[in-house]
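Reader: I have just opened this one and need a quick tour. Can we start?

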Amino acid sequence: MSEGEQPNIYHPEPQSNVGKWILIALAVAYVGASAFFIYDAHSKVGKITQDQAASQKQIGDLTKRMQSSEADSETLAQQVGLTKKELASRASELQRQQQAASARLAAQAAEEKKDVNAVAGEVGTVKTDIGGVKTDVAATKASLESTIAQLQHTIGDLGVQSGLIANTRGDLEALKHKGDRQYYEFTLLKGAKPQAFSTVGLQLKKTDPKRGRYTLNVTADDRTIEKKDRNQSEPVQFYTGREHMLYELVAWTVDKNKITGYLSTPKNAPVAITASPQ
């Protein structure tokens, strides 16, 4: 080579540097991307680990609950089994009681039917009796009316027109039903103390059965009057009270030691506590 010639020098360095920098950039980018991916993968792995731990915990809790439920189910099954036995026993007892009650009701119904039939028969008998009573009442009423029609007025021992005179107890019953006066039936014994009737006292003093006569004392208004030798069925009359009311007595039997008859007073005459109309 001569001094004048320029040597052909090769300068490859600028181009090598650019390539180098590109490689470095690519390496850095790769490292960064790798680091990012590694971080991201680590984060995901951590999250998956946490999720797995949580899932395992949930699985454990669920397992405990299932075990507890199984235990409860066994206990409940035992209780249900016992209850079924009790229900079966109770149902059997109720059925037995129902059958017994039905039998009692049937017997009671039969007894009541028998009683109803008996009562129906008694009612029929009562109806018949009522019909008979009505007939008897009608006959009694007719008899009373006939008796009253046969009774006669007469003049008493005071010369006053008397009411109807009863000669027997039957006649007296007819007069009581007529209701015009009050009547006190009596039996007076000879020698006994005075007996009170209405507001008067009567005392038998003497009897004469053969002649049908008697003597008695009448006590009224604080004085005593002797009615001597009065006849059987004769109205014995006297006045008493402030209103001068006419009282009458009639003896329809005269025996050796007693007389029987009745005392008749006006309807509005006072009534003593010790006596009441018959």
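**Charged pairs and the rest**

Reader: Is Arg211 buried or exposed?
Author: Arg211 counts as exposed, at 55% relative accessibility. Buried means under 20% relative accessible area, exposed means over 50%, and partly exposed is in between, with a 1.4 Å probe and protein chains only.

Reader: Before I go on, what sort of model is this?
Author: This is a predicted model, where local features need pLDDT of at least 70 and side-chain atom pairs count only at pLDDT 80 or more, while totals for chains, interfaces and linings use all residues. Residues are numbered from 1 along each chain as its sequence is written, and side-chain values use heavy atoms, with hydrogens and water left out.

Reader: Back to Arg211, then. Which side chain meets Arg211 in a salt bridge?
Author: That of Asp208, at 4.0 Å from N to O. A salt bridge is a side-chain nitrogen of Lys or Arg within 4 Å of a carboxyl oxygen of Asp or Glu. Asp208 is partly exposed, with a relative accessible area of 24%.

Reader: Why do such pairs form?
Author: Side chains of opposite charge can pair when their charged atoms come close.

Reader: How many salt bridges does the structure hold?
Author: Five. One of them joins Arg169 and Glu185, whose closest N and O atoms are 2.6 Å apart. This pair links distant parts of the chain, with Arg169 in helix H2 (residues 169-178) and Glu185 in strand S3, 16 residues apart. Helices (H or I, at least four residues) and strands (E, at least two) are DSSP runs, numbered from the N terminus.

Reader: Is Arg169 buried, exposed or partly exposed?
Author: Arg169 is partly exposed, at 46% relative accessible area.

Reader: Which side chain does Glu173 meet in a salt bridge?
Author: Lys176, at 3.5 Å from N to O. Both residues of this pair lie in helix H2, three residues apart, about one turn of the helix.

Reader: Change of topic. How many helices and strands are there?
Author: The secondary structure of the chain comes to two helices and ten strands. From the N terminus on, the elements run α-β-β-α-β-β-β-β-β-β-β-β.

Reader: What share of the chain is buried?
Author: Buried residues make up 21% of the 278 residues in the chain.

Reader: How many cavities of 30 Å³ or more does the structure hold?
Author: One. A cavity is a set of points, on a 1 Å grid over the protein atoms alone, where a 1.4 Å probe fits but cannot get out; lining residues have an atom within 4 Å of a point.

Reader: What volume does it have?
Author: The largest cavity comes to about 40 Å³, where the volume is the space filled by probe spheres set on grid points joined across faces, edges and corners.

Reader: Which residues line the cavity?
Author: The lining of the largest cavity consists of Leu188, Leu189, Ala192, Lys193, Gln195, Leu202, Gln203 and Leu204. The elements giving two or more residues to it are strand S3 (181-189) and strand S5 (200-208). S5 gives the most, with three residues.

Reader: What kinds of residue are in that lining?
Author: Five nonpolar, two polar and one charged. Ala, Val, Leu, Ile, Met, Phe, Trp, Tyr, Cys and Pro count as nonpolar, Asp, Glu, Lys and Arg as charged, and the others, Gly among them, as polar.

Reader: Now for the backbone. What is phi for Asp229?
Author: Near 50°, a positive value in a residue other than glycine. Asp229 lies in strand S7 and is partly exposed, with a relative accessible area of 34%.

Reader: And where is Ser233?
Author: Ser233 sits in the loop between S7 and strand S8 (236-240). Its phi is also positive, at about 65°, although Ser233 is not a glycine. Ser233 is partly exposed, at 26% relative accessible area.

Reader: Last one. In which strand is Ile225 found?
Author: In strand S7 (residues 223-231). Ile225 is partly exposed, with a relative accessible area of 26%. Ile225 and Phe238 are 13 residues apart in sequence, and their C-alpha atoms are 8.9 Å apart in space.

Methods: 1 Å grid on protein atoms, 1.4 Å probe; cavity = no way out; pocket = protein on both sides within 12 Å on 5 of 7 lines; lining within 4 Å.
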